[in-house]
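Biologist: I would like to learn how to read aromatic rings in a model. Where do we start?

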Amino acid sequence: MADEKLELLLNAALEATPGEREKSEILNVGFDTEKKTWEVIVKYHGDLLFLEELSIRVELLLAGYAILLVPEDEMTLLSEIEEIEYVEKPKRLYFQTIAGKQASCVLPVTIRPPYLNGEGVLIGIVDSGIDYWHPDFRNEDGSTRILALWDQSLQPNEEKGWEPPTGFLTGVEFTAEQINEALSAETREIGEQLVPVRDISGHGTAVAGIVAGNGRAIRQKESFTEGADSGMVPASDLLIVKLGVPREESFPKTTELMRAMTYLVKKAVSIGRPISVNISFGNTYGSHDGTSLLERFLDNASEVGRCVVCVGSGNEGAAMGHVSGNALQETVIEFSVGNYEGSFSIQLWKNYADIFQVILTSPGGKQAFFSTDESGRNGRVDGGRIRRILLENTELLLYVGEPTPYSTQQEIYMDFLPEGRYVNSGIWRITFIPLHIVTGNYSMYLPSQAAISENTRFYRPTPDTTLTIPSTASRVITAGAYNTVNNAYADFSGRGYLFAVNEPERLGIVQSKPDLVAPGTNIVTTMSGGGYTVVTGTSFATPFVTGAAALLMEWGIVMGNDPYLYGQKVKAYLQKGAKKLPGFTEYPNEVVGWGVLCVGDSIPRG
């Protein structure tokens, strides 16, 4: 029987052959093929440090979460350890790739009393790094505004004085003093030997410019890029985490995000300042109900110190990667697979009480049959483990799961792997035949659009509930995007949901995602390597909200108007001050939440 202490995806990965994992885009994430070790996320109680005697490396995070590095032949031990409550494998995260300040009602509180600029509030950015040489992230005397920079992709080096942050085992932390030493070097080449942090993609630099650029590069020139301006909080100090460890694939993992959040909130507490954290990436894997260990961890992390966490809703709204509905009668879902698709997966999420027969039909008419009742508990699919089905030139890995201690949803995981180089292209069909139905609701997700061909998609997609994870975490501020030119929501922006919270202590509360929207199209911001660039996406709407949260905390905490203005209170103030968007009559809603970001109306008057 499958190990119920391990999430379905981890069970599937452990049952897959090495060859199958290598072909899969998701099963091999977290496995080091050279060292034969698994990196996993655990929820635990008590003390786990005794595991190091078993050659299991332990990194303790916040609130009863930890990351373990486990030799492959020791993975079976995890279910036997009483202190470990639940185990998940990491997933990849994908970056969700200025009239914005004016549209967000920032000017009324920055150019007039109370003259807010972010001073005294920390900005934490978890991203692809930062071009720390860019003038926008330096003071007038040329010194850095970055208090600390943790590059998770670098290897520690005792001879050079490169060490990871206290309590962590990977990467290198650079202090402001080390960065200033690099900046004062004769040439940039020499300086980068002292602090070799680079933002190759430019994503993190662009995010940082929107939230905290000070416009210094503009003022140094007689002419400058039209529309370029300083960021939301040009006087804030920065804490930067560059995600990643050295490896071939370019996308970071959820474990690296969890390390980064632990680092940032602990750093802010030690410095004694409030912090607003920006997260501009996510993925589509999960039930989207806030129950994964990553989402639950972020909820806990957001309550440490005086903290606000802002997460982008993702760019999956128009990606055609999600479909949902109600299968009270026979239902057929069609999806296309593009040419040259190496591998991909589909997740089916449904209420555990509902039982469907599922028929999967390949482009050539070959069929596979299974029931959603074939879970490990009744032993119909080799004890609930992987079933392997060959359809034409495509191998299907099928895993039928059960609910977890944190969710009532059942997951059916399907991994499509090529027998040769590519999965069979063309039209595939999934047919649901209801056998025992209580609700009939189902939801299916393809991988993020950054991971698959644009021609691999559902034919009749559902744009709702297309938020990327972890923007689905309850206590973060989830930011969608809108277009300031036509004052309309951006169709790519991930859409969410609206429901009444049923927790006894929170009855009567309406939970909505996203929480609000901010400018996210054609934003002028800082470019890695110098100068400015134009960007679009929820990645770049999120830093407007991150900066707005920092301005509220400056007004409340730093200026003494409200020492408790952090966490959910900041979210409430931003929701109350949000402006209405044409085309919507009811608020909050699943498309734009409570409306458009407006800082001026979010700060209490009088």
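Modeller: Start with burial. Buried means under 20% relative accessible area, exposed means over 50%, and partly exposed lies in between (1.4 Å probe, protein chains only). Phe-335 is buried, with a relative accessible area of 0%. Phe-416 is also buried, at 0%. This is a predicted model: local features need pLDDT of at least 70, side-chain atom pairs count only at pLDDT 80 or more, and totals for chains, interfaces and linings use all residues. Residues are numbered from 1 along each chain as its sequence is written, and side-chain values use heavy atoms, without hydrogens and water.

Biologist: How is a pair of aromatic rings described?

Modeller: By the distance of the centres and the angle of the planes. Rings of Phe, Tyr and Trp (its six-membered ring) pair if their centres lie within 6.5 Å; planes under 30 degrees apart are stacked, over 60 edge-to-face, the rest tilted. The count here is 19 aromatic pairs. Phe-335 and Phe-416 are edge-to-face, with centres 6.1 Å apart and 75 degrees between the planes.

Biologist: Which strands hold Phe-335 and Phe-416?

Modeller: Strands (E, at least two residues) are DSSP runs, numbered from the N terminus. Phe-335 is in strand β15 (residues 331–337) and Phe-416 in strand β21 (residues 409–418), 81 residues apart.

Biologist: Is the pair of Phe-344 and Phe-416 stacked or edge-to-face?

Modeller: Stacked: 4.5 Å centre to centre, 5 degrees between the planes. Phe-344 is buried too, at 1%.

Biologist: Which residues form one aromatic cluster?

Modeller: Phe-335, Phe-344, Phe-416, Trp-428 and Phe-458.

Technical notes:
Helices (H or I, at least four residues) and strands (E, at least two) are DSSP runs, numbered from the N terminus.
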